[in-house]
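Dear colleague,

Please find below the structure that I am handing over to you. My notes on what was found in it follow directly after.

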Amino acid sequence: MTPIELATRRRVTGLTSGEFAKLFVTLERKVDGESAQWDASDVESWEIVGPPVVAEQHLNDAFAAANEFVATLAKRLYRTAMPAQEGTALTAFPDDLTFWSAQPDFGGIPHALWNIAALQAAEWIRQETGIICELHAREPLV
């Protein structure tokens, strides 16, 4: 994977370098069972010089998992909100800690992926019903 491809795919997922690093480390641990040590500075470096071979084999899986998570979650949020009425709102989260506290099953998954899924679900509702769902941001825990 070239540096430009990596940077572009990360941006398309809506994740910062830090959020992508958290997701990547979470997924890599599940695959290898090892304690991965990558962080935001590593991802930023990979976007300049390219990822190391040991990381490159998992990058496509990480992007595919992020996209699959967003698509699946958007469908779930859509079904939960339907039939939508005026005033229907979906929740957005300001940070990972607040997200993980409210949704403990998603620990390790960046809150940005939830927020993207909520936006997608709101758009589907608007297209189908004409109702504009608001996103209500949770108050940060800290």
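Predicted model: local features only at pLDDT ≥ 70, side-chain atom pairs only at ≥ 80, totals over all residues.

Alanine 62 belongs to helix α4, which runs over residues 53-81. Is alanine 62 buried or exposed? Its relative accessible area is 1%, and because the limit for a buried residue is under 20%, alanine 62 counts as buried. Apart from neighbours within four places in sequence, alanine 62 has contacts with Phe20, Leu23, Phe24 and Leu27. Glutamate 19 is 43 residues away from alanine 62 in sequence, while the C-alpha atoms of the two are 12 Å apart in space.

The chain as a whole

The chain contains six helices and two strands. Their order along the sequence is α-α-α-α-β-α-α-β. The C-alpha trace spans about 50 × 30 × 25 Å along its principal axes. The chain has 142 residues, of which 42% count as buried. When contacts between residues at least 6 apart in sequence are considered, 67% of them join residues at least 24 apart.

Helix α1 covers residues 3-13, and its buried residues are Leu6, Ala7, Arg10 and Thr13. Viewed down the axis of α1, these buried residues lie within an arc of 130 degrees, so they line one face of the helix. On the face of α1 that is turned away from the buried side, the exposed residues are Ile4, Arg11 and Val12. Glycine 14 follows α1 and has a positive phi, near 85 degrees.

How does α1 lie against α4? The two axes come within 10 Å and cross at roughly 15 degrees. Angles under 35 degrees count as roughly parallel, and α1 and α4 are therefore roughly parallel to each other. The crossing in which α1 passes α4 is left-handed. From α1, the residues Leu6, Arg9, Arg10 and Thr13 take part, and they meet Leu59, Asn60, Phe63 and Asn67 of α4. By type, the residues of this contact between α1 and α4 are three nonpolar, three polar and two charged.

Helix α3

Which residues of α3 are buried? In this helix, residues 40-49, they are Val43, Trp46 and Glu47. Seen along the axis of α3, the buried residues fall within an arc of 100 degrees, so here too they line one face of the helix. Ile48 and Val49 are exposed on the other side of α3. For valine 49, which is placed in α3, the relative accessibility is 62%, and the residue counts as exposed. Valine 49 and proline 3 are separated by 46 residues in sequence, yet their C-alpha atoms are 6.1 Å apart in space. Directly after α3 comes glycine 50, with a positive phi of about 100 degrees.

Helix α4 against helix α6

Helix α4 also packs with helix α6 (residues 111-129), at an angle of about 45 degrees and with the axes 8 Å apart. That angle makes α4 oblique to α6. In this case the crossing, in which α4 passes α6, is right-handed. On the α4 side the contact is made by Ala66, Phe69, Val70, Leu73, Ala74, Lys75, Leu77, Tyr78 and Ala81. On the α6 side it is made by Leu113, Trp114, Ile116, Ala117, Ala118, Gln120, Ala121, Trp124, Ile125 and Glu128. The residues of the contact of α4 with α6 comprise 16 nonpolar, one polar and two charged.

As background, most residues other than glycine have a negative phi, and most peptide bonds are trans. The bond from methionine 82 to proline 83 is cis, with omega near 0 degrees. Proline 83 is located in the loop between α4 and β1, the latter being residues 89-92.

With kind regards

Methods: Residues numbered from 1 in each chain as written. Heavy atoms only, no water. Buried < 20%, exposed > 50% of the residue type's maximum accessible area, 1.4 Å probe, protein only. Helix = DSSP H or I, 4+ residues; strand = E, 2+ residues; numbered from the N terminus. Arc of directions from axis to C-beta. Contact = heavy atoms within 4.5 Å. Axes fitted to C-alpha atoms, helices over the stretch in contact; angles between N-to-C directions. Parallel < 35°, antiparallel > 145°, perpendicular 65-115°, else oblique. Left-handed = near helix turned anticlockwise from the far one by under 90°. Nonpolar A, V, L, I, M, F, W, Y, C, P; charged D, E, K, R; others polar.
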